[in-house]
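Every answer sets a value against its criterion.

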Amino acid sequence: MSEGLVQIGEVAERLGLSLRTIRHYEEVGLVVPERTPGGFRLYSETDIGRLALVKRMKPLGFSLEEMRDLLEITDRLAAGDDDPSLVSRLQMFERAVADRAEKLREQLAMAREFAEQLRRQRRQAVPAR
């Protein structure tokens with residue numbers, strides 16, 4: 001195996017993703033692993049970082065296109081591209097993450113209130129012995 005490259009099973013284990021999910025992300029172009037002559041996928045640390053970023057974006061409801069856009073931004077910045085629009089686009093993602101996280105906090109608070117309401121109703125319905 002090439003130095004520093006790992007197979008899909010190790011990536012899946014490290015990131016807690018299924019093989020199917022990793023293959024899907026490859027199919028849609030979010031990650032492009034190297035291939036051995038026998039066709040085995042080999043992932044670099046950069047590939048693993050890309051998949052980890054996608055994993056964090058998914059539960060926040062980002063689309064595949066938004067994921068591609070953010071990966072392009074981070075790739076270009078990592079390569080030393082000093083286009084000022086990249087930083088403003090990155091700030092847009094920061095705001096979107098903050099907004100989505102706030103909505104999740106609100107939903108979690110409502111879920112906790114609902115669970116407490118159900119506990120109270122159960123206690124009232126079942127007399128103490």
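Q: In β3, which residue is the bridge partner of V6?
A: Y43 is the partner of V6 in this predicted model.

Q: What makes β1 and β3 a pair?
A: Pairing needs at least two bridges between the strands. β1 and β3 have two bridges, in the antiparallel sense. They therefore count as paired.

Q: Why are β1 and β2 called edge strands?
A: The sheet is open, with the order β1-β3-β2 and antiparallel pairing. β1 and β2 (34–35) each pair on one side only.

Q: How do you know that the buried residues of α1 lie on the same side?
A: The buried residues in α1 (8–15) are I8, V11, A12 and L15. They cover an arc of only 100° around the axis, which puts them on the same side of the helix.

Q: What do the buried residues of α1 pack against?
A: They pack against β1 (6–7), α2 (19–27), β3 (41–43) and α3 (45–57).

Q: Why is the aromatic pair of F62 and F93 called tilted?
A: A search of the whole structure finds one aromatic pair. Its ring centres are 5.9 Å apart, and the planes stand at 40°. The cut-off for the centres is 6.5 Å, so the rings pair. Stacked needs under 30 degrees and edge-to-face over 60, so 40° is tilted.

Q: Which parts does this pair tie together?
A: F62 lies in the loop between α3 and α4 (64–78), and F93 in α5 (84–125). These parts are 31 residues apart in sequence. F62 and F93 are both buried.

Q: What sits over the ring of F62?
A: The charged end of R100 does, 3.9 Å from the ring centre. The distance limit is 6 Å, so 3.9 Å meets it.

Terms used
Residues numbered from 1 in each chain as written. Predicted model: local features only at pLDDT ≥ 70, side-chain atom pairs only at ≥ 80, totals over all residues. Heavy atoms only, no water. Buried < 20%, exposed > 50% of the residue type's maximum accessible area, 1.4 Å probe, protein only. Helix = DSSP H or I, 4+ residues; strand = E, 2+ residues; numbered from the N terminus. Arc of directions from axis to C-beta. Contact = heavy atoms within 4.5 Å. Phe/Tyr/Trp six-rings, centres within 6.5 Å; stacked < 30°, edge-to-face > 60°. Lys NZ or Arg CZ within 6 Å of the ring centre and 35° of its normal.
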